[in-house]
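Biologist: I'm new to this one. Could you bring it up and walk me through it?

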Amino acid sequence: MWKFIVRRLVITFPQIILLSVLVFIMAQMMPGDALSGMIDPNIDPAAIEKQRENLGLNDPWHERYVDWVGGLLQGDLGESFRFKMEVTELVEQRLINSFWLGVATLFFTYLIAIPLGIISGRWNDTWGDQLITGYTYIGFATPLFIFALVMLWVFGFQLQWFPTGGSVEPGLTPGSFDYVWSKFQHLLLPALSLALIATVNTVQYLRSEIVDTKQKDFIITARAKGASESRVYNRHIFRNSLLPIAAFFGFEITGLIGGTVFVEQIFGYPGMGLLFMESILLRDYTVVIAVVLLFGIASILGALISDIILSLVDPRIRIK
Amino acid sequence: MSEKLLEIKNLKTSFRIKDDYYAAVDDVTLTLNKNEVLGIVGESGSGKSALAFSVMGLHNRAKIEGNILFKDQDIANISPAKLNKLRGDDMAMIFQDPLTALNPLMIVGDQISETLLLHKKNMSQKQRKDRVISLLDQVGIPYPEHVYNQFPHELSGGMRQRVIIAIAIANQPELLIADEPTTALDVTIQAQILDLIKDLKDDMNTGIILITHDLGVVAEMADRVAVMYAGQIVEIADVHTLFENPLHPYTRSLLNSVPNTQEGQDKLHVIQGIVPSLSKLPREGCRFAARMPWIDESVHEENPVLHEIKPGHFVRCTCHKHFYFPDESKEDSNHGVS
């Protein structure tokens with residue numbers, strides 16, 4: 001069991017190294033560098049070339065890669081060209097915002113998916129199931145960016161139940177109750193929009209797991225023991241069906257990243273997704289690289305978490 | 001000795017296919033006494049398991065007609081709560097596939113313990129664990145304390161079948177239904193499992209319904225045998241009579257299909273055709289008629305019923321008087337009662 005986790009962790013390192021190489025090479029392939037475009041055209045090209053040499057921009061790519069990774073390991077992600085501040089500093093607050101958005105979204109995702117999946121699976125092919133399945137099909141078919149806009153328009157502008165942008169009301173002291181409450185209010189609508197769409201996968205997955213497990217032979221064994229219907233469901237069917245869902249938790253994180261890019265853009269929520277969009281539009285390459293790298297690492301860690309959860313909950317996976 | 005434990009009267013279990021109901025068990029009447037082993041034999045699809053599931057109330061969406069009297073209580077259409085009190089306690093079932101009949105995510109100990117938990121409310125956790133370990137020991141599992149904490153996938157097929165038996169006998173049931181308990185196992189393990197079931201019967205005075213298509217198992221274990229074909233009982237007799245003087249063409253065909261090692265036969269005897277599927281079953285006349293086409297159709301009864309040939313020996317339809325195998329002459333067939 002521990003062996004499995006250690007082995008799985010060891011695999012993660014080459015994955016992250018490969019990721020960093022790919023991100024670095026792709027960044028290098030982007031046209032231009034820090035000394036092109038923004039430089040006064042009157043400066044002597046020879047001087048620019050000399051500056052390039054000084055900054056090490058003419059070194060072979062692997063030397064520059066080692067240099068870059070060396071900086072990364074010391075927590076140095078470079079400096080933003082546009083904001084003229086350390087990327088780490090820029091990313092920090094955004095990362096915290098995105099983290100809370102992710103937590104709230106995952107919370108709502110499971111809050112919706114588990115009861116709906118259970119109802120749909122236990123009473124499959126009833127009108128209740130058809131209603132839920134109908135919702136999931138609509139959810140599959142609705143693009144997130146359209147749905148988020150509709151949510152924003154209805155609940156933000158028309159009903160004015162929620163704030164329509166930002167992550168906190170300006171002028172509040174950080175740490176006070178009002179500040180936290182305001183943060184929560186700003187979080188609610190984007191998280192709900194994302195969750196209502198993202199949850200349909202989990203609903204369908206849980207439903208089919210339950211329908212599948214219901215027909216297994218060991219369920220007949222449980223009934224033959226004299227277990228009541230509710231015990232059969234709670235102890236045997238739901239437990240066995242929820243475990244693979246738990247294992248999907250990590251991949252859910254990966255899926256969230258794509259969603260946050262849309263949602264943060266639409267709600268003007270200052271998180272990593274919005275930073276990603278802004279930095280691309282502003283050609284702020286150091287920030288783009290940092291954000292892509294962090295997204296990549298989050299995906300790898302998501303897969304890692306999934307595998308570890310799966311090994312914890314399913315005894316058949318554990319490696320001896 | 002001959003105290004009635006289970007009495008099945010005119011049981012008809014039907015399944016819905018599209019808009020019609022089709023009977024998988026059709027008008028079955030049976031009795032089982034305490035401390036008796038009743039073998040039920042027949043090909044796959046003859047309704048043996050459907051009968052067993054009906055008695056245990058394990059069918060999900062079936063229409064059940066007739067009566068199933070268990071200790072004089074009709075359990076055919078009993079409330080789920082009352083049925084759950086009986087299942088696992090007074091009556092239990094051994095399932096045929098040890099690879100799928102156990103919950104893959106639950107340790108073996110907990111799966112056996114669940115039966116105790118459901119029916120012996122006043123047992124402490126410690127008592128339950130001790131009982132489970134003694135049960136594991138009783139069914140011949142080595143290192144029961146160790147196996148208690150193992151998952152099903154860590155055990156072999158034979159071991160898992162023993163665990164399933166341990167679950168079934170945990171509360172010393174009065175009625176035990178064994179649905180092909182040895183089909184999935186190899187022959188040496190088969191013998192051990194059968195001995196185990198025999199010992200249990202002697203220890204606990206249990207009435208056993210043994211469902212199998214292995215005639216050797218029936219000969220070894222059963223006191224009486226019922227032969228089922230297409231949802232009906234076609235012949236029922238005590239085990240000696242059935243093997244020495246089989247009457248119904250189906251019974252004779254089954255026995256004839258057993259390979260004989262002594263006479264060095266070159267060809268395996270087979271029964272022509274296959275068991276018809278549920279929706280294509282002939283509902284009138286002798287159901288076996290289609291598989292003995294060389295016999296004149298006029299010998300069958302219009303509505304075959306069970307005839308008592310000798311006390312305790314019942315045969316359906318009168319066609320057995322005229323039956324012969326295609327490779328023997330008509331005269332040879334006149335053995336037994338005619």
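Biologist: How far apart do the C-alpha centres of domain 1 of chain B and domain 2 of chain B lie?
Modeller: Keep in mind that this is a predicted model. The domain assignment of chain B puts domain 1 at 4–222 and domain 2 at 228–333. Between the C-alpha centres of those two domains, the distance is 29 Å.

Biologist: And which element gives the most to the side of domain 1 of chain B that touches domain 2 of chain B?
Modeller: That contact takes 22 residues from domain 1 of chain B and 15 residues from domain 2 of chain B. On the domain 1 side, at least two residues each come from strand 1 (4–17), strand 2 (20–33), strand 3 (37–41) and helix 8 (215–221) of chain B. By residue type, the domain 1 side splits into 13 nonpolar, five polar and four charged. The top contributor there, with seven residues, is strand 2 of chain B.

Biologist: Now the partner chain. Which element gives the most to the side of chain B that touches chain A?
Modeller: Here the contact takes 25 residues from chain B and 19 residues from chain A. On chain B, the elements giving two or more residues are helix 2 (80–86), strand 6 (91–94) and helix 3. The residues on this side of chain B are 13 nonpolar, seven polar and five charged. The one that gives the most, with four residues, is helix 3 of chain B.

Biologist: How many of the 12 residues of helix 3 of chain B are buried?
Modeller: A residue counts as buried if 20 or more other C-beta atoms lie within 10 Å of its own. In helix 3 of chain B, that applies to B:Val108, B:Gly109, B:Gln111, B:Ile112, B:Ser113, B:Glu114, B:Thr115, B:Leu116 and B:Leu118. The helix, residues 108–119, is mostly covered, and the number buried is nine.

Biologist: What covers the buried residues of helix 3 of chain B?
Modeller: B:Ile112 and B:Leu116 are among those buried residues. Their helix has cover from within chain B, and what covers its buried residues includes helix 4 (125–138), helix 5 (144–148) and helix 6 (157–169).

Biologist: Last one: over which residues of chain B is the pLDDT below 50?
Modeller: For the model as a whole, the scores are ipTM 0.84 and pTM 0.80. Chain B has a mean pLDDT of 85, with 95% of its residues at 70 or more. One stretch has nine contacts in the model beyond near neighbours in sequence, yet its pLDDT is below 50: residues 332–338 of chain B.

Methods:
Residues numbered from 1 in each chain as written. Chains lettered and ligands numbered in written order. Predicted model: local features only at pLDDT ≥ 70, side-chain atom pairs only at ≥ 80, totals over all residues. Contact = placed C-beta atoms within 7 Å. Domains from an automatic or database assignment. Nonpolar A, V, L, I, M, F, W, Y, C, P; charged D, E, K, R; others polar. pLDDT = per-residue confidence, 0-100.
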